[in-house]
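Me: I would like to learn how to read a structure step by step, beginning with the general idea behind each feature and then turning to the case at hand. Could we go through it together?

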Amino acid sequence: ILITPITEEISYKNLIIIPYKRLHNIPFNCLKYNDKEYIIDEYVITIMQSGSSIKYIENNYSMPNNYLVVGNPTLDLPYAEKEALHISHILKTKPLIGNYATKSNILSKIEGKQIIHFSCHGEFDSQNPLHSMLRLNNGENLYLEDLNNLELNSELIVLSACESGIVSIDNNDETEGFVKYLQIDGTKYIIASLWRGYDESSFKLFEIFYSMDGDYSQRLNSAQIELKNSMDNDNEDHNIFYWGNFQIYGI
């Protein structure tokens, strides 16, 4: 319905999609392109929540080779910890794991980082999106309102956390959620999840993602395809749950 009628008009493999209304919470990579292929097999897709976001991410002032990795602050996600340790090894930085992943530690280190990666529990608050949270250690939460108005200016923020890409939409198609406010804070690219995933499949996805070169959209596309193709093809629609929850936002 969305893509097939216009395929003859599309001459590029890299698409930037600006959704409208309910389409903001649609996982475009998971839509079927034909009877056998998904859109992800044919196109590299990046999402922009609105054209007005471009002015916030045109300039980037993050410090090169300066990273922040946070993993398993609640001590109940073993693969999230494994993910953070693996990524920090690649980036050659010391992660904030478990008891060290406190709100004060994170907020004191977060500004000006080129890449920020969270691997933890997340929760979207549809009634008050600014109260959407990443769960931290000892019952602390990092709320979206804690991040709002910081000068992040990051090149990439990965929210490997449940529901971090969900937004609420008003009648004027204005969105409220992590992606919008992180872009207002100057973040160029954001990878976030549209539903509750498994920490093991997230670890496998980002293990592949960080092992690759190239732009972030292509890397996520390739990592999702590799994870998808490694699964049982007899249950392909069910497998979407594991490989398809992340989208990349930016331009």
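Reply: Let us begin with a definition: a residue is called buried when its relative accessible area is under 20%, exposed when it is over 50%, and partly exposed in between, with a 1.4 Å probe and protein chains only. By that rule D41 is partly exposed, since its relative accessible area is 27%. Please keep in mind that this is a predicted model, in which local features need pLDDT of at least 70 and side-chain atom pairs count only at pLDDT 80 or more, while totals for chains, interfaces and linings use all residues. Residues are numbered from 1 along each chain as its sequence is written, and side-chain values use heavy atoms, with hydrogens and water left out.

Me: What does D41 meet in a salt bridge?

Reply: A salt bridge is a side-chain nitrogen of Lys or Arg within 4 Å of a carboxyl oxygen of Asp or Glu, and the structure holds seven of them. In one of these, the side chain of D41 meets that of K228, at 3.1 Å from N to O. This pair links distant parts of the chain, 187 residues apart, with D41 in the loop between β1 and β2 (44–47) and K228 in helix α7 (residues 216–229). The helices (H or I, at least four residues) and strands (E, at least two) named here are DSSP runs, numbered from the N terminus. K228 counts as buried, at 11% relative accessibility.

Me: Which residue forms a salt bridge with E163, and where do the two lie?

Reply: The partner of E163 is R196, and their closest N and O atoms are 3.4 Å apart. E163 lies in the loop between β9 and β10 (168–169), whereas R196 lies in the loop between β12 (189–193) and α6, so the pair ties together parts that are 33 residues apart in sequence. E163 counts as buried at 16% relative accessibility, while R196 counts as partly exposed at 46%.

Me: How should I read a helix, and why might its buried residues line one face?

Reply: An α-helix has 3.6 residues a turn, so residues three or four places apart point the same way. In helix α2 (residues 78–91), the buried residues are A80, E83, A84, I87, S88 and L91. Seen down the axis of α2, these fall within an arc of 120° (the arc of the directions from the helix axis to the C-beta atoms), so they line one face of the helix. On the other side of α2, P78 and H89 are exposed.

Me: What do the buried residues of α2 pack against?

Reply: Contact means heavy atoms within 4.5 Å, and the buried residues of α2 pack against several elements, including β3 (63–71), β5 (113–119) and α6 (199–209). Just after α2, K92 takes a positive phi of about 60°.

Me: Which residues are buried in helix α8?

Reply: In α8 (residues 236–243), the buried residues are N239, I240 and W243. They cover an arc of only 125° around the axis, which puts them on the same side of α8. These buried residues pack against α7, the helix in which K228 is found.
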